[in-house]
Amino acid sequence: MKINYKRLFIYLIILIASVVWASYMGGTLPYMCLFTMLFYLPLSVIYILVSNYFFQTYQELPSRRVMKNEEQPYELVIEDAGFFRINDARLITEENLATTLLDSDRLINLTPGKRVVIKGKVKCRYAGIYNVGLVNVCFYDPFYIYGAVFQIPSPYRVTVMPMITEVANRELDFENLKNSSRIRSLVLKEPVPGNEFRPYKPGDPLKSIHWKASASAGELISRIPDTLELRSVVMVLVAENSISQNSDTDFIKRRDYFLEFAVSAAYYFAQKGESIRILYPRGELKDVQVASLDGFSEFYEDISKGPFYNREKDMEKLEAQSGSIAENEQDSIVITVREHEYGTEHFLEIRNSD
């Protein structure tokens, strides 16, 4: 409820004056004025409720699946389907999670049967699933003394896809993480420069060049690649249960970082042709192996729809499975990412099994 206190004060002064006038003067006109003032507020409430009932909206974006930080063309259609004029209805758009730019004023006046088409642009700031565009409308009484805000019946809900960035590698430094303990593993192998030499061939990586041998020979000399066995990497995504929080701004922000971290880590391994095992909830507990760009695409599509638990005990099961991998699976590096601890230094836990 929005109240214009200045106009309300003037209304109360006029009402008191009408009561005094009716008391001392009597007659038909003073009482008519008094009754008019007394019935104005309830009649205004009815006017606002009727305006909201007949206020029809339709919204459209090119797709209900959009990319984070990508500007999308937006169209809003508004219609007065009733028999009364709607004056100065204020359009309230989602601005905490997305930026909405309209090519018109946000105060709309509609005559009965009139339809207005408003174009604009929407840019979603966070990954996740939430409403964008027009979310609420404020209707005022004819003299703008007070107004009421109503949520529109059918808000436009979108799935915002997470961005692939360097956030995961920046936090974990994957190369050092994988190579910090070069012990025997049956899962991953990495080509590394060996101790045998041959003349440099176009396409050899710079790190394979032996500079001292090249200086002595007068030409570039490369070390012949060898293989080095590495530890396997497991990422456990402990998500919040979002059933009761999916419209909470802080939750959406945490989920944005959580999703960005997950897809960025998976993409790092996929584009190198290496393998990462990922455990996460999508109703059931999923256990997937991402080792290629095709595998990453499937994981990206699935995780972007939003992780969730069908049963609360599944969260405990996921935690237990994380601990079991670290204790029982040889040569595994277990990275546990907890969504609910975003913003603290403890949202990551890294365990090396022995």
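Rings of Phe, Tyr and Trp (its six-membered ring) pair if their centres lie within 6.5 Å; planes under 30 degrees apart count as stacked, over 60 as edge-to-face and the rest as tilted. The model is predicted, so local features need pLDDT of at least 70 and side-chain atom pairs pLDDT 80 or more, while totals for chains, interfaces and linings use all residues. Residues are numbered from 1 along each chain as its sequence is written, and side-chain values use heavy atoms, without hydrogens and water.

**Exercise 1.** Find which residues the ring pairs link into a cluster.

*Solution.* Start with the whole structure: a search finds nine aromatic pairs. Next, look for linked pairs: they bring Tyr53, Phe54 and Phe83 into a cluster.

**Exercise 2.** Describe the aromatic pair of phenylalanine 55 and phenylalanine 139.

*Solution.* First, the geometry: the two rings are edge-to-face, 5.3 Å centre to centre, with 80° between the planes. Then place them: phenylalanine 55 lies in strand 2 (residues 55–60) and phenylalanine 139 in strand 10 (residues 134–140), so the pair ties together parts 84 residues apart in sequence. Strands here are DSSP runs (E, at least two residues), numbered from the N terminus. Finally, check the cover: phenylalanine 55 is buried at 7% relative accessibility, and phenylalanine 139 is buried at 1%. Buried means under 20% relative accessible area (1.4 Å probe, protein chains only).

**Exercise 3.** Work out which side chains of strand 6 are buried.

*Solution.* Take residues 98–102 and sort them by face. Ala98, Thr100 and Leu102 point to one face and are buried.

Terms used: Buried means under 20% relative accessible area, exposed over 50%, partly exposed in between (1.4 Å probe, protein chains only). Helices (H or I, at least four residues) and strands (E, at least two) are DSSP runs, numbered from the N terminus.
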